[in-house]
Amino acid sequence: MSTRIWLSPPHMSGREEKYIREAFATNWIAPLGPNVDEFERSLSQYLDGSHVAALCTGTAAIHLALILLGVTRGDEVIAPDFTFTATVNPIVYQGAIPVFIDSEMYTWNIDPELMELAIIDRIKHHKKPKAIIFVDIYGMPAQIDAYSEISLKYEIPLIEDAAEALGSKYKRGHCGTFGEVGTLSFNGNKIITTSGGGALVSKNPEYANRARFLASQAKENTLHFEHKQLGYNYRLSNVLAGIGRGQMEVIVERVAAHRFNNQRYRELLSDIPGLVFQSEPDDSFFSNFWLTAAILNKPGDVFNARSVIRALGEDNIDSRPLMKPMHMQEVFRNFPSYLNGNAEHLFNNGICLPSGSNLSEEDFERIVGRIRSK
Ligand SMILES: *Cc1c(COP(=O)(O)O)cnc(C)c1O
């Protein structure tokens, strides 16, 4: 069988091991140390001077973001219906209630009009949401200005889950830097990776400092162990931060490679009827195109997203349906949702194509040949 083409595999630059060796040589085998500091510094520099706390996962970053904004038991939090479960799980860890909002079809992210309708409806029922968490799905920036207006008007703080969107931009700002707090992921499949890792980002240094404090068991600055609040063990290992330092040295190339992949698919598949790629609506939106995603919009045809995914799988090529909406997940079935059918449509008709930054021209030929053979 031919070698497997993965959806979004790790792509090392060769510079990572030097920093890992440094960690061993200096015995900084701990969730703090020079690699953690330097990784935070390089992220901060890349993100226009925002303050960064390196953490063990993106999920941990979202959990701390909610805690920093005061989300507690019984609070409601606005969240996307069309996302990965890690956006929503930490809301439930806090004993809070996610309120799912469906997508618009320009960026596939939360529909701002539906979001405002939902907020008005929640307020009418005396349940004003405590926070809004939005996602830049597959790297595509959301309609952030519209969210900011709603956030100001109703005085509800924004969290940007930019786990998939490091390197994406909205207008002149980097994704991850919008809202009160932003979050990133460096899981093995993301645009850069530390194998597992994440970060909390904020323009407000207090949030990054508080995140570091809470992520280190909320240990007070005393010789004995003094704790005034509930803490977490969420810091990033200094060994893994070494991988992150090496990856940050090639972030520009990685984003360029993902954007090249997206362009290449558009060229190679332009004549396929009913194939619609997730696209930048105008030049306010700059996607890292972490994954190239599309819908195959010809219902009833034998040539549909599921049949293409199956055909690719038969040749050892990894592809996937789009996100299964949160309101359709057993685990979240009792939470409120405001729907327009778009997320469900995306799930039923969409496909994520192999999008690694190390895809070769032969890989493209194999993938496109398979799709055409359907
Ligand atoms: C990957 C991902 C996360 C979680 O990140 P981890 O580092 O895997 O915990 C959160 N939200 C979205 C949208 C993601 O894709």
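This is a predicted model: local features need pLDDT of at least 70, side-chain atom pairs count only at pLDDT 80 or more; totals for chains, interfaces and linings use all residues.
Reader: What makes α1 roughly antiparallel to α8?
Author: Start with the angle. Helix α1 (residues 16-25) and helix α8 (residues 238-248) pack at about 150°, with their axes 7 Å apart. Axes are lines fitted to C-alpha atoms, for helices over the stretch in contact, and angles run from 0 to 180 degrees between N-to-C directions. Angles under 35 degrees count as roughly parallel, over 145 as roughly antiparallel, 65 to 115 as roughly perpendicular and the rest as oblique. So α1 is roughly antiparallel to α8.

Reader: Where do the names of these helices come from?
Author: Helices (H or I, at least four residues) and strands (E, at least two) are DSSP runs, numbered from the N terminus.

Reader: Which residues make the contact of α1 with α8?
Author: From α1 come E16, Y19, I20, E22, A23 and F24. From α8 come N238, V239, G242, I243, R245, G246 and Q247. Contact means heavy atoms within 4.5 Å.

Reader: How do the residues of the contact of α1 with α8 divide by class?
Author: There are six nonpolar, four polar and three charged residues. Ala, Val, Leu, Ile, Met, Phe, Trp, Tyr, Cys and Pro count as nonpolar, Asp, Glu, Lys and Arg as charged, and the others, Gly among them, as polar.

Reader: Why are α5 and α6 called roughly parallel?
Author: Helix α5 (residues 112-124) and helix α6 (residues 144-154) pack at an angle of about 20°. Their axes are 10 Å apart. The angle falls within the parallel range, and therefore α5 and α6 are roughly parallel to each other.

Reader: What is the handedness of the crossing of α5 and α6?
Author: The crossing is right-handed. A crossing is left-handed if the near helix is turned anticlockwise from the far one by less than a right angle, and right-handed if clockwise.

Reader: Which residues make the contact of α5 with α6?
Author: P112, M115, E116, I119, I120 and I123 of α5 meet A146, Y147, I150, K153 and Y154 of α6. By class, nine are nonpolar, none polar and two charged.

Reader: Why is P90 called buried?
Author: Buried means under 20% relative accessible area, exposed over 50%, partly exposed in between (1.4 Å probe, protein chains only). P90 has 0% relative accessibility, so P90 counts as buried. P90 is found in helix α4 (residues 89-93). Not counting residues up to four places away in sequence, P90 touches T59, I62, H63 and L66.

Reader: Is H126 buried or exposed, and how do you know?
Author: H126 has a relative accessible area of 74%, so H126 is exposed. H126 is found in the loop between α5 and β4 (131-135).

Reader: What is the phi of H126?
Author: Phi of H126 is near 60°, a positive value in a residue other than glycine. Most residues other than glycine have a negative phi.

Reader: What makes Q217 partly exposed?
Author: The relative accessibility of Q217 is 35%, so Q217 counts as partly exposed. Q217 lies in the loop between α7 (205-214) and α8. Phi of Q217 is near 65°, also a positive value in a residue other than glycine.

Reader: How do you know that S319 is buried?
Author: S319 has a relative accessible area of 9%, so S319 is buried. S319 is found in the loop between α10 and β13 (337-338). Leaving aside neighbours within four places in sequence, S319 is in contact with L7, I309, L312, I351 and C352.

Reader: What makes a set of residues a nonpolar core?
Author: A nonpolar core is a set of buried Ala, Val, Leu, Ile, Met, Phe, Trp, Tyr and Cys residues joined through side-chain atoms within 4.5 Å. The largest one here has 37 residues. Those with the most contacts inside it are F39, L43, F82, Y138, L166, L184 and L322. The largest share of this core, four residues, comes from α2.

Key: Residues are numbered from 1 along each chain as its sequence is written. Side-chain values use heavy atoms; hydrogens and water are left out.
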